[in-house]
Amino acid sequence: MELSQRIVLITGASDGIGKQLAIDLAKRGAVVIGCGRSIERLKEVLKEVRQSSPASAMMGCDVSDQEQVHGMCEKILADFGRVDILVNNAGIGMRQPFADMPLATIEAIIQTNYLGAVYCTHALLPSMIARGAGHIVNISSVAGKIGTLNMAAYCASKFAMNGWSESLYHELKPLGVKVSVVCPGPVHTGFNRNFPNSQPQSPESLFVSPDAVSAAIIRVIERNRAEHIMPPTLALLSWIKQAAPGLFRYFAQRHFRSHVVVPIRERA
Ligand SMILES: NC(=O)c1ccc[n+]([C@@H]2O[C@H](COP(=O)([O-])OP(=O)(O)OC[C@H]3O[C@@H](n4cnc5c(N)ncnc54)[C@H](OP(=O)(O)O)[C@@H]3O)[C@@H](O)[C@H]2O)c1
């Protein structure tokens, strides 16, 4: 897909991967609309994005709030006429034993990572189907391929996103709407700020940069790839897990067991 003059909505564009993608897509000539909750950070990103793409815009929106998403999408369709590419990127995480994780945290993770993407897609899909064109790009995670201890809620949100993306792919392809899912491993962003010293920490060798993830997302759009897992080591592990789940579980359990934390309730 040629990106010049395409209208792209990126959720979670105020920081991290979404911010980098907004800047990179603007440089390719796309009209970028970004959203997030932090208006101050969005203003900073907009300054940078408008250097390459003056028609771009940023909007305050909490994607976990269905009403706000509906209002944002109505305004975008009124002001810009269409959305060619929707990148469902906004996300939060927490690393904590499941038994200790407050239900409010679990609900916020599912509401933001999975339902936030559902709300945006549901609001924009009718206009894409009517035009017989559009591309939905879901930013999932390797945590949506491999369940990791102390990340049960986050993994659940990303497994949901992967299953949803696969279903949508089949449902929408005949209608002219493309669906892709990108699954990065650990990325150097502020994402981990909520759990800096928690276990298990990912080895440095598996980390990728936001630039690399942004470049991969752009390749996925241009080449219309259904799925991309990165880095290659984690793509291989995901494949091994699918091919030999029992063997994978045996070795994963051996690796993870040194990181088991007895929940606070049991320790009291
Ligand atoms: N970093 C990693 O290791 C990693 C690995 C694999 C996948 N991912 C996925 O990549 C995506 C981006 O993560 P990142 O690493 O770029 O994280 P980040 O640097 O923390 O950025 C997250 C972005 O999401 C936005 N956001 C969070 N909650 C939101 C809400 N309720 N409504 C609207 N926007 C919201 C944030 O903006 P505001 O705070 O302004 O709302 C921010 O712009 C996420 O879906 C994450 O799960 C990250």
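Reader: Which residues in α1 meet which residues in α2?
Author: This is a predicted model: local features need pLDDT of at least 70, side-chain atom pairs count only at pLDDT 80 or more, and totals for chains, interfaces and linings use all residues. Residues are numbered from 1 along each chain as its sequence is written. Two residues are in contact if their C-beta atoms, placed from the backbone, lie within 7 Å. On the α1 side are K19, A22, I23, A26 and K27, and they meet V45, E48, V49 and S52 in α2.

Reader: How many nonpolar, polar and charged residues does the contact of α1 with α2 have?
Author: Ala, Val, Leu, Ile, Met, Phe, Trp, Tyr, Cys and Pro count as nonpolar, Asp, Glu, Lys and Arg as charged, and the others, Gly among them, as polar. By that scheme, the contact of α1 with α2 has five nonpolar, one polar and three charged residues.

Reader: Are α1 and α2 parallel or antiparallel to each other?
Author: Helices (H or I, at least four residues) and strands (E, at least two) are DSSP runs, numbered from the N terminus. Axes are lines fitted to C-alpha atoms, for helices over the stretch in contact, and angles run from 0 to 180 degrees between N-to-C directions. The axes of α1 (residues 16–27) and α2 (residues 39–52) come within 7 Å and cross at roughly 15 degrees. Angles under 35 degrees count as roughly parallel, over 145 as roughly antiparallel, 65 to 115 as roughly perpendicular and the rest as oblique, so α1 and α2 are roughly parallel.

Reader: How are α1 and α6 oriented to each other?
Author: The axes of α1 and α6 (residues 210–223) come within 9 Å. They cross at roughly 55 degrees. α1 and α6 are therefore oblique.

Reader: Which residues in α6 meet α1?
Author: α1 brings G16, I17, Q20, L21, D24 and L25 to this contact. By class, the contact of α1 with α6 has seven nonpolar, three polar and two charged residues. The α6 residues are P210, D211, V213, S214, I217 and I218.

Reader: Which residues are closest to the ligand?
Author: A residue is near a molecule or strand if its C-beta atom, placed from the backbone, lies within 6 Å of it. 33 residues surround the ligand. α1, β2 (31–36) and α4 (103–131) each supply at least two residues of this shell. The closest residues are G12, G16, R37, S38 and G91.

Reader: How many polar residues does the shell around the ligand have?
Author: The shell has twelve nonpolar and four charged residues. Its polar residues number 17.

Reader: Which strands stand at the edges of the sheet?
Author: Two strands pair if DSSP finds at least two bridges between them. The open sheet has seven strands in the order β3-β2-β1-β4-β5-β6-β7, with parallel pairing. Each edge strand has a single partner, so one side is left without a neighbour in the sheet. The edge strands are β3 (57–60) and β7 (227–230).

Reader: Which residue in β6 stands opposite V137?
Author: β5 (residues 134–139) and β6 (residues 177–184) pair in the parallel sense over six bridges. Opposite V137 stands S180.

Reader: Which residues of α4 make the contact with α3?
Author: α3 (residues 66–80) and α4 pack at an angle of about 30 degrees, with their axes 9 Å apart. That makes α3 roughly parallel to α4. From α3 come Q66, V69, H70, C73 and L77. From α4 come Y119, C120, A123, L124 and S127.
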